[in-house]
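Q: I would like to learn how to read a few side-chain and cavity features in a model, one at a time. Could we go through them together?

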Protein chains: 2
Amino acid sequence: MRGDESEKEPPPPPQNPSFGCRGILNRHLRCIVKLGGAAITCKNEIETINEENLKMVSLQLRRAMAIPDSSDEFLGMNWSKPDGGLDYVSEVENDGCPKLDLDSFVIVHGAGSFGHFQASKSGVHKGGLHLPLVKAGFVATRISVTSLNLEVVKALAREGIPSLGMSPLACGWSTVGRNMASADISHVIEVINNGFVPVLHGDAVLDDLQGCTILSGDVIIRYLAQQLRPDYVVFLTDVFGVYDRPPTDPSAILLREIVVNEDGSWHILNPTVAEQVDFTVAAHDTTGGMVTKISEAAMIAKLGIDVYIVKAGTSHSLRALKGEMTRDNIAGDWLGTIIRGSKTV
Amino acid sequence: MRGDESEKEPPPPPQNPSFGCRGILNRHLRCIVKLGGAAITCKNEIETINEENLKMVSLQLRRAMAIPDSSDEFLGMNWSKPDGGLDYVSEVENDGCPKLDLDSFVIVHGAGSFGHFQASKSGVHKGGLHLPLVKAGFVATRISVTSLNLEVVKALAREGIPSLGMSPLACGWSTVGRNMASADISHVIEVINNGFVPVLHGDAVLDDLQGCTILSGDVIIRYLAQQLRPDYVVFLTDVFGVYDRPPTDPSAILLREIVVNEDGSWHILNPTVAEQVDFTVAAHDTTGGMVTKISEAAMIAKLGIDVYIVKAGTSHSLRALKGEMTRDNIAGDWLGTIIRGSKTV
């Protein structure tokens with residue numbers, strides 16, 4: 001009888017194969033992209049998005065992901081006001097929709113002029129949640145950075161990129177003494193396995209030792225690169241790459257190729273420079289942004305994953321995002337910095 | 001020598017005791033509150049917040065949490081534009097801040113006029129992520145509901161409630177055949193342990209069997225009540241409680257007390273009604289909202305946790321939120337429905 005019954009009502013077969021191996025990436029991850037805060041916001045205006053840059057970055061990401069380029073052939077995914085997507089969508093049916101078959105990308109963005117004021121005013125990065133101002137600043141910082149995250153997701157969705165905002169605090173990530181500690185990425189992987197593009201961001205998070213801190217987008221990038229092993233990583237920023245001194249200095253030289261050895265030491269391969277550059281001195285901005293970026297990039301490069309630092313919204317960034325600039329064919333007219341491991345692939 | 005060294009550099013003591021027992025609630029959880037979509041949004045206007053109601057609900061929550069009521073004594077936590085919080089904050093120092101010592105609450109809100117259009121147009125609740133329209137609808141739905149979540153968090157933060165938006169998809173929650181499956185709440189607990197108020201919401205989530213679905217706020221409430229065992233649960237809605245027929249019917253009677261037995265059956269204790277009410281017939285709205293609410297509420301009541309269904313922004317909701325309306329002192333002038341277990345506490 002039991003046999004008959006089980007024949008009558010077999011359990012429904014799982015239709016979502018990705019769940020069979022929860023937490024294991026079953027898609028090829030091409031690229032992790034950092035949208036630098038300086039590239040997508042107006043640095044000196046509190047909570048102001050650089051709309052033009054964000055739109056261009058989203059368009060280039062769509063092209064890099066090989067979503068069909070013609071406006072007839074992609075489906076905008078922001079159906080919220082005031083985009084007016086509603087009228088558009090009312091005419092769309094499943095049959096008429098183009099199939100999305102995009103390469104897997106992960107996007108992480110910085111905060112730029114979002115969150116910075118709130119965090120620095122209250123000292124969230126230094127911890128101390130028992131202090132009312134720090135607690136309030138933690139809340140205020142998250143409101144600001146999640147506002148930016150929502151706008152980034154909307155901009156990407158408008159271009160037909162199936163973007164899902166995933167906030168590190170909500171993901172349950174935390175730090176110990178400001179270093180990445182608990183970071184379960186199994187649900188980030190599930191999102192990728194289901195054909196979506198997770199959009200993470202620098203966030204205020206809980207810290208095991210000091211109560212709370214700021215987890216930067218650059219640290220997230222490095223952690224995800226270690227765990228997910230993309231083909232390459234692209235940092236989109238507001239300058240053409242890494243320079244030997246502040247790029248506002250007319251004599252600053254763009255460093256085109258930096259090689260990282262297995263012991264973590266590195267040297268500049270191109271151009272040949274007489275002296276070693278000390279980035280702790282030559283830091284491009286007062287927040288130490290470029291120093292962090294280079295040290296995180298070097299750790300990624302050590303894994304054998306090439307890192308490109310390029311100016312957002314240029315032909316150079318598009319080529320980097322498409323993966324055209326391999327170490328063997330860096331064109332003379334391409335402006336950017338590649339940071340790579342010393343091993344020959 | 002080792003002894004000497006360890007004396008010189010002892011490991012830093014953890015300053016955040018909650019991490020010592022990760023995932024275990026170490027605070028008393030007083031209440032889980034559902035902000036009904038119908039109460040905080042304008043039901044018939046797409047993506048429109050009922051600002052007046054949301055403000056009143058936030059104010060009442062502040063009062064219920066016993067944050068000092070005078071405007072001089074609480075610290076607004078939305079420092080983002082256009083609130084103008086920035087000027088205010090620039091004058092605040094840690095010394096001058098009032099200490100927050102609020103009872104623990106968890107807030108879950110529905111979607112109302114956010115997300116509904118996007119989900120129903122694309123059929124996200126029915127699954128099928130291989131269909132481009134469903135995938136796009138999933139993205140569009142999340143943009144809409146996370147927009148609402150951000151506005152709810154901002155409104156609460158303005159009132160000094162240390163609110164942190166936590167989106168179920170980002171939390172890694174998923175369903176199997178539309179029932180709650182994977183739901184790690186350890187990071188929700190960490191947030192509560194650190195004195196914050198998590199603000200969750202109905203969301204589009206991945207589903208093990210059908211690819212994706214909508215996880216409703218009511219189901220989240222029941223799950224959290226089971227796991228976290230609050231003193232009581234309050235549903236804030238747009239009518240005074242549960243009626244025996246649609247409340248637009250002039251002869252509709254407010255059901256003041258419903259008792260749920262251990263076997264799941266239930267009866268109306270007050271008022272005494274001749275006939276059993278069939279809520280599957282008497283559903284108050286076409287989406288089956290009230291039926292789901294009552295069946296989820298009954299499951300919570302079965303656990304011995306009293307559930308109050310009240311009209312948002314009224315004196316009745318304030319008394320319910322404050323926990324004044326225990327089963328023994330339901331005042332004659334109080335309007336609302338209490339759903340409780342049959343056991344005497």
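Q: Does A:Tyr223 count as buried or exposed, and at what relative accessibility?
A: This is a predicted model, and the values below should be read as computed from it. Burial is judged from relative accessible area, with under 20% taken as buried. A:Tyr223 has a relative accessibility of 14%, so it counts as buried. A:Trp173, at a relative accessible area of 2%, is buried by that cut-off too.

Q: How many aromatic pairs are there over all chains, and how is the geometry of one such pair read?
A: The count comes to 8 aromatic pairs over all chains. In one of them, A:Trp173 and A:Tyr223 lie 6.4 Å apart centre to centre with 55° between the planes, and the pair is described as tilted. The class follows from the angle, because only planes under 30 degrees apart count as stacked and only those over 60 as edge-to-face. A:Trp173 belongs to the loop between α7 (168–171) and β4 (175–176) of chain A, while A:Tyr223 belongs to helix α9 (residues 217–228) of chain A, so the pair ties together parts that are 50 residues apart in sequence.

Q: Which class does the pair of A:Tyr232 and A:Tyr308 belong to, and why?
A: With ring centres 6.2 Å apart and planes at 90°, the pair of A:Tyr232 and A:Tyr308 is edge-to-face, because that angle is over 60 degrees. This pair also links distant parts of the chain, since A:Tyr232 is in strand β9 (residues 232–237) of chain A and A:Tyr308 in strand β14 (residues 306–311) of chain A, 76 residues apart. Both A:Tyr232 and A:Tyr308 are buried, and together with A:Trp334 they form one aromatic cluster.

Q: Where does the charged end of A:Lys311 sit?
A: Here one looks for a charged end placed over the face of a ring. The charged end of A:Lys311 sits over the ring of A:Phe240, at 4.8 Å from the ring centre. A further case involves both chains: the charged end of B:Lys135 sits over the ring of A:Phe196, 5.2 Å from the centre of that ring.

Q: What lines the largest cavity?
A: Its lining comprises 28 residues, and those nearest the centre are A:Thr146, A:Asn149, B:Thr146, B:Asn149 and B:Ser167. Elements of both chains take part, as α6 (132–158) and β3 (163–165) of chain A, and α6 (132–158) and β3 (163–165) of chain B, each supply at least two residues of the lining. By residue class, the lining of the largest cavity divides into 14 nonpolar, 12 polar and 2 charged residues.

Q: Which residues does UniProt list for "binding site", and where is A:Gly112 placed?
A: Under "binding site", the unreviewed UniProt entry lists A:Gly112, A:Asp238, A:Gly289 and A:Lys293. A:Gly112 is placed in the loop between β2 (104–109) and α5 (116–122) of chain A, and at 27% relative accessibility A:Gly112 counts as partly exposed. The unreviewed entry also lists A:Ala111, A:His116 and A:Gly217 for "binding site". Although these residues are spread over 107 residues of sequence, they cluster in space, with a largest C-alpha distance of 13.0 Å. A:Ala111 lies in the loop between β2 and α5 of chain A and is partly exposed, with a relative accessible area of 25%.

Conventions
Residues are numbered from 1 along each chain as its sequence is written. Chains are lettered from A and ligands numbered from 1 in the order in which they are written. This is a predicted model: local features need pLDDT of at least 70, side-chain atom pairs count only at pLDDT 80 or more; totals for chains, interfaces and linings use all residues. Side-chain values use heavy atoms; hydrogens and water are left out. Rings of Phe, Tyr and Trp (its six-membered ring) pair if their centres lie within 6.5 Å; planes under 30 degrees apart count as stacked, over 60 as edge-to-face and the rest as tilted. Helices (H or I, at least four residues) and strands (E, at least two) are DSSP runs, numbered from the N terminus. Buried means under 20% relative accessible area, exposed over 50%, partly exposed in between (1.4 Å probe, protein chains only). A charge sits over a ring if NZ of Lys or CZ of Arg is within 6 Å of the ring centre and within 35 degrees of the ring normal. On a 1 Å grid over the protein atoms alone, a cavity is a set of points where a 1.4 Å probe fits but cannot get out, and a pocket is an open set with protein on both sides within 12 Å along at least five of seven lines; lining residues have an atom within 4 Å of a point. Ala, Val, Leu, Ile, Met, Phe, Trp, Tyr, Cys and Pro count as nonpolar, Asp, Glu, Lys and Arg as charged, and the others, Gly among them, as polar. UniProt positions are given in the numbering used here, feature names are shortened, and annotations may be inferred rather than shown by experiment.
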